[in-house]
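Please open the model in your viewer and keep the selection panel at hand.

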Amino acid sequence: MIKRPDYPPRDTALVMRMVLIALIPGIVAMTVFFGPGVLFNLTAAILTAIVSEALCLRLRQRELKPRLIDLSAVLTGVLIALALPQAAPWWLVIAASAASVTLGKHLYGGLGQNPVNPAMLGYALMLISAPVAMTTLWINPLTTPDFLTAWSAFLGHSSDAVTGATTLDLYKTEFRALTATEASRNPLFTQAHLGFIYGYEWVALAYLAGGLWLIYQRVITWHTPVGLLTTLLVISAFFSFDPDTATPVWVHLIAGAGIFAAFFILTDPVSGATSPKGRLWFAIGVGILTYLIRTHGQYPDAIAFAVLLMNFAAPMIDHYTRPRIMGREASVKGPGGQS
Amino acid sequence: MAEYQIRRCDRQLEGGIHPETHKDLSTTEPCVFVDDPKRLVFPIHFSGGGPGEALVAVGDTVSQGTPIIKCQSGIIHVASRAGTVIDITDHAITHPSANQSASIIIEPSGLKEQSYLDPLVWPFDADSLRNRAIEAGILGLGGAGFPSFKKWSDGTQTLIINAAECEPYLTADDTLMRIDTHSMIRGACMLSRTLDIKTIVIGIEDNKPEALEAIEDALKESRSDCFFDIVLLDTKYPSGSERHLVWLTLGIEVPTGSRSVELGVIVHNPGTLAALSRAIDGKPITDRIVTLTGEALKAPKNVIAPIGTPINHLIEATDTSPSSLTSITVGGPMMGYAVTEFTAGITKTTNCLLARDVEIPPESPCIRCGACATVCPIRLQPQQMVFALKGGSLDLAVHEGLGDCIECAACNAVCPSHIPLAEWFRLGRFEVRDQANEQRLASEARERFEARNARLERIAQEQEAKRAARKAKTADALEKARKAREQTA
């Protein structure tokens, strides 16, 4: 039994590397159920992220080496790749990754300076600029494409036979006219190994495993994932009194980016709130907004917009969630300072 | 036999870290006296106790114990060895914020001439003890150098002996408690008797079993009627911070802006109490135990060295050539500061000289991971404070709690971006003090200006009144003269 470390890893590059390691189970599960397109996306996004990072550093006349070896750009690339549709064409992946690194990060001063989550900025930008590709090129895990099909999708010739909307989206569109019982007859649910959603359930489980390992290693704290997942659970459970119109609780939790985002997106320390209590409120905010946008908005998933909105709220959350300093009567609230 | 109990601390230090202690590096060798150096250096303003003035002149002969510096606080520093004052000049000193300052240089003669004070005989009152502490130059020997007598107020209920020594590498207190236990206990008892303190708490980390045993033995022999409450603390940095020790041992949270003294609790270092015990016998502070340690020293050990001994003399005492080192840390690895000029002499607060080669990785940007906040023992958000300081907004940093920072540097130890957080905070706190000082000076200047204006106005008014009176008088006289003239006419 390896002892749980007392502190978070002692080096930024190590932090990034551990997050990347924690993503491996999720990547494997994604590749198994959604096909080799996941790997094409990853490769293209990582390469683009590294090139963009280097280019930006050069333009900003900064040293290349320390920032390239700390793997922060690689991580941004991986996160955006995993967030994109699995049958996304190459240009979408490259544009998303480049936007994440340049507009999401370097525009504000590079590592540690970004006000919003770079990957989610890239994602949201693509969702607005290329809505069709971003909503229709998701792989149906029941029809996992082979290498050639995936490759041709990557080159821009996707086949309608394997792609479509996400499960979350189905509830908004096709399932709207169905009763809960009718919807549950969909093969995605009937063929599921664990009784939830075919494929998605394993991916969610894999991300969960990686995320729990990160908590164990003290790279992240429990506040963020617990905040998001509990909020989603509570709100969707509250509104599930009418199962024919509401999206089921577990679809909210595992069909979309819920688990992935809870452990790997919302936990970006730079753009999130920083105190433990602040992280909890930040995640609760994302949970509420996600539910609202998923249910009443136009977009299939809502994590990206919810995260971006809460990113802007993070500094304010920090002002009101400071811990009580030893020796003080109460915690200091409010922004303070004149400059 | 004095009554005592040993108990395990039932409180947990929130935050804090478990650094490698490296204590056995210097505790395996016995503590020895060092030979007298060729010269002794005494900074006039930086010996502890505030800025001072020299009481001797170049050419004067001094004995061991002759007063040589009198500080603003009253504290008197004495010559640690008999010899001759060969110079009073600017010299390298050991201090975190000054490299050079006016110093008295004494060349020891090797003679055993002593000029001590008369022993203080019981019964004596608190004032006599305070005077004695001033004359004997008793300061907090733990590192802060706060004049001890200022802590001794009436109404004190508890004395805490800070035997935690939580800083890695340091073993000076541990050594003192092993070899000079009786003096420490006697000093504590005398102080308690004078101030009518009933309970003496000893806060000691559980990594000092030998010291604990020595204390127990000493207590069994002691005839003190004080109750000794020995609290075993988990070995965790910074359990020896005064605020944390008070909380760990007594459960009292000292409010921000107050000192434990105001709550009836005084905290002393073991060395301070041992020095007090000797001062009562008439012997001022002339020597102290210094830990000479670090991987770069060939024979690390604890030594008893005269105050003022140059650093290079002590490095040589460990069979190490001073020229093999580029810098030495005064104090421990957490709170110490680097000194590069080895001709500087040790002061009463120099508890450790640490020589080691540490490679500090290059700093990278803060990613707000919050690791620093999880180890901050007073629950600050160092990531927010350093963000404010780097942005140049001191007031924002103060709002975040910069003023509460105890500069323990636990945050430095865990930062994955290797940001020297504690250094930023020390600098920031210094600037805050500086600003406060400037503000005080400015308001004093304004008051002076206003007072001057008022004075000038008053003078002008007085002159005006006088002139008016004179005018009236003249007019009166003229009137009288006119009337007289009219009458005669």
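**Two crossing helices**

In chain B, helices α4(B) and α7(B) are roughly perpendicular to each other, because their packing angle of about 75° falls in the range of 65 to 115 degrees that counts as such. Please note from the outset that this model is predicted.

To see the crossing, select residues 181–195 of chain B for helix α4 and residues 270–280 of chain B for helix α7; the axes of these two helices lie 7 Å apart. Next, display the residues through which the helices meet. On the side of α4(B), they are B:Ser183, B:Met184, B:Arg186, B:Gly187, B:Ala188, B:Met190 and B:Leu191. On the side of α7(B), they are B:Pro270, B:Leu273, B:Ala274, B:Leu276, B:Ser277, B:Arg278 and B:Ile280. What classes of residue make up this contact of α4(B) with α7(B)? The contact has 9 nonpolar, 3 polar and 2 charged residues.

**From chain B to chain A**

Now show both chains. Here, 32 residues of chain B are in contact with 32 residues of chain A. On the chain B side, select α9 (371–375), α10 (382–390) and α11 (394–400), the elements that each give two or more residues to the side touching chain A. Coloured by class, the residues on this side of chain B divide into 15 nonpolar, 11 polar and 6 charged.

**Chain A as a whole**

Chain A contains 17 helices and 2 strands. Its radius of gyration is 20 Å, close to the 20 Å that the globule rule gives for 339 residues, so chain A is as compact as a globular protein of that length. The C-alpha trace of chain A spans about 60 × 50 × 45 Å along its principal axes. Of the 339 residues in chain A, 52% are buried. Among contacts in chain A between residues at least 6 apart in sequence, 74% join residues at least 24 apart.

**The two domains of chain A**

Where they meet, 27 residues of domain 1 are in contact with 25 residues of domain 2. On the domain 1 side, select α1 (12–34), α4 (72–83) and α6 (118–129) of chain A, the elements that each give two or more residues. Which element supplies the largest share of this side? That element is α1(A), with 12 residues. By class, the side of domain 1 that touches domain 2 has 22 nonpolar, 5 polar and no charged residues.

Technical notes. Residues are numbered from 1 along each chain as its sequence is written. Chains are lettered from A and ligands numbered from 1 in the order in which they are written. This is a predicted model: local features need pLDDT of at least 70, side-chain atom pairs count only at pLDDT 80 or more; totals for chains, interfaces and linings use all residues. Two residues are in contact if their C-beta atoms, placed from the backbone, lie within 7 Å. Helices (H or I, at least four residues) and strands (E, at least two) are DSSP runs, numbered from the N terminus. Ala, Val, Leu, Ile, Met, Phe, Trp, Tyr, Cys and Pro count as nonpolar, Asp, Glu, Lys and Arg as charged, and the others, Gly among them, as polar. Axes are lines fitted to C-alpha atoms, for helices over the stretch in contact, and angles run from 0 to 180 degrees between N-to-C directions. Angles under 35 degrees count as roughly parallel, over 145 as roughly antiparallel, 65 to 115 as roughly perpendicular and the rest as oblique. The radius of gyration is taken over C-alpha atoms; the globule rule is 2.2 Å times the number of residues to the power 0.38. A residue is buried if 20 or more other C-beta atoms lie within 10 Å of its own, exposed if 12 or fewer, and partly exposed in between; C-beta atoms are placed from the backbone.
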